[in-house]
Amino acid sequence: PGCFGDLIMSWILFSLLLASASIVATIPVPTVDQLKWSEWELGAIIHFNMATYIAGDGCSFSASSVPSQSLFNPTKINTDQWAQAFQAFGARYAVLVAKHNCGFTLWPSNVTIPGSNIPYNYTVHQSPSPSPDVIRAFVDSCHKANISPGFYYSVVTNFFLNVQSGKKVSGPLKPGMVNVSIDQYYEVALGQLMELWTQYGQLGEVWFDGGYQADIKANLTAMLAKAQPHATAFNGYGLSPNCIRWIGTEAGRAPDPNWSTGTGGGGDPNSTVWCPAECDTTLQDNDHWFYSATEGIRSLEELIDVYHNTVGHNGNLLLDFTPDKDGLIPDDHMQRYKQLGDFIRKCYGKPINATSGSGMTYAVELSPAATIDRVVLQEDQTHGQAERLFTAIPTIFRCTSAPFQRI
């Protein structure tokens with residue numbers, strides 16, 4: 001799919017407008033880890049947990065009871081196969097849902113309920129899973145595939161402990177729930193995060209879905225600084241200098257323009273905070289995150305459009321991967337990831353021509369009658385995002401922002 005329609009020309013002249021000297025002197029700059037994360041461009045988020053084995057897309061507090069650990073039984077689980085799917089797509093990092101809202105952990109947590117000898121017994125260790133530690137298997141597979149691993153942990157909700165949106169749910173406990181105070185809950189959550197952040201090596205990204213409770217902000221900040229100082233933190237503004245932000249939608253479309261500064265939505269060119277955007281979206285239809293046998297998958301054409309409207313709009317694309325109840329990526333999903341990856345590699349792997357420099361005007365020479373239908377613009381953002389306007393002559397586009405990458 002062309003961005004502008006086919007154009008036949010022998011050269012393109014680019015001109016840019018920089019922010020004023022007074023603004024350039026005060027613009028925020030990224031950390032080394034934020035720059036590296038932006039260069040990755042493509043990531044995977046893996047929704048595989050107790051919610052894979054129940055109806056819906058996660059545990060609902062309207063459910064009659066906590067799902068039994070015996071349901072979690074991925075008899076053919078193969079995290080190396082997952083990593084092959086990540087590679088086929090082109091992902092440079094992968095974030096596994098280590099604990100979702102149900103409260104079930106994919107690792108054998110040794111945390112106990114504070115003030116008692118009661119173990120946190122809603123884990124893979126109490127299930128029939130042939131993999132005793134899915135987290136360890138995932139990390140090992142990522143390392144073999146040269147992919148940076150990361151973890152999603154729902155801090156604000158835990159159905160097993162009767163906590164929703166950071167608060168205890170009133171009323172009688174449902175079968176399978178454990179009664180804890182909110183302070184006990186905080187200790188459990190912090191203890192499990194410490195296990196994840198200290199037992200599995202360096203992480204590329206940690207995910208705070210739905211944010212975090214203000215009561216434990218100081219604890220989280222200190223823990224991240226000590227245990228994972230180089231990890232980027234999704235929804236981590238105020239917790240880490242390596243914060244990244246949610247784009248504001250799960251549709252796979254970033255706003256235009258989309259700045260690398262600012263803490264929400266499409267960002268803010270005048271913000272003093274460097275916090276680039278991550279665009280998470282599903283492969284399955286209808287915004288369905290965990291595997292569903294009844295949901296179809298999005299077409300290649302739609303996913304190409306997603307790529308252009310996320311990576312092509314200065315955001316990282318975090319695409320969902322959904323192992324099935326056997327613990328495998330379905331064949332049709334594997335094929336679609338490879339089709340998308342093949343398109344990206346074929347279209348953007350080797351440009352017809354390229355130029356770079358530090359001036360205000362750039363010329364790209366093309367062979368006579370060269371046919372192109374897109375242009376990739378990139379700014380070296382080591383010292384911040386200074387460009388404010390980018391124009392091409394012949395006039396094929398005019399950008400209010402030419403950030404880390406614009407297609």
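Which residue just after H5 takes a positive phi? That would be Gly201, with a phi of about 85 degrees. Keep in mind as you look around that this is a predicted model.

H5 covers residues 182-199, which makes 18 residues. Quite a few of its residues are buried: Tyr185, Tyr186, Val188, Ala189, Leu190, Gln192, Leu193, Glu195, Leu196 and Trp197. As background, an α-helix has 3.6 residues a turn, so residues three or four places apart point the same way. What lies over the buried residues of H5? The cover includes strands E3 (93-99), E4 (148-153), E5 (163-164) and E7 (205-207), along with helices H4 (134-144) and H6 (217-227).

Now for the strands. Eight of them form a closed barrel, in the order E2-E3-E4-E7-E8-E9-E10-E11, with parallel pairing. On average, neighbouring strands of this sheet are turned by 25 degrees against each other, direction ignored. In general, strands of a sheet pair through backbone hydrogen bonds, either parallel or antiparallel. To see the pairing up close, take strand E9 (residues 243-246), which runs parallel to strand E8 (residues 232-234) and is joined to it by two bridges. Ala233 has Cys243 as its bridge partner, and Phe234 has Ile244. E9 also pairs with strand E10 (residues 277-281), again in the parallel sense and over two bridges. There, Trp246 stands opposite Glu278.

Setting aside residues up to four places away in sequence, Phe86 touches Ala44, Ile46, Ala91, Ala94, Phe138, Cys142, Ile147 and Phe321. One of those, Ala94, is found in strand E3. Is Ala94 buried or exposed? Its relative accessibility is 0%, so Ala94 counts as buried. Leaving aside neighbours within four places, Ala94 is in contact with Ala44, Ile46, Phe86, Phe138, Cys142, Ile147, Ser148, Pro149 and Gly150.

One last stop is His47, which sits in the loop between strand E2 (42-46) and helix H3 (79-89). His47 counts as buried because its relative accessibility is 5%, and the cut-off for buried is under 20%. What does the side chain of His47 make a polar contact with? Its partner is the side chain of Asp320, at 2.9 Å. Not counting residues up to four places away in sequence, His47 touches Asp320 along with Thr52, Val97, Trp289, Phe290, Phe321, Thr322 and Pro323.

Key
Residues are numbered from 1 along each chain as its sequence is written. This is a predicted model: local features need pLDDT of at least 70, side-chain atom pairs count only at pLDDT 80 or more; totals for chains, interfaces and linings use all residues. Side-chain values use heavy atoms; hydrogens and water are left out. Helices (H or I, at least four residues) and strands (E, at least two) are DSSP runs, numbered from the N terminus. The expected span of a helix is 1.5 Å times one less than its number of residues. Buried means under 20% relative accessible area, exposed over 50%, partly exposed in between (1.4 Å probe, protein chains only). Contact means heavy atoms within 4.5 Å. Two strands pair if DSSP finds at least two bridges between them. Axes are lines fitted to C-alpha atoms, for helices over the stretch in contact, and angles run from 0 to 180 degrees between N-to-C directions. A polar contact is a pair of N or O atoms within 3.5 Å; within protein, one must be able to donate a hydrogen and the other to accept it, and residues adjacent in sequence count only if both atoms are side-chain atoms.
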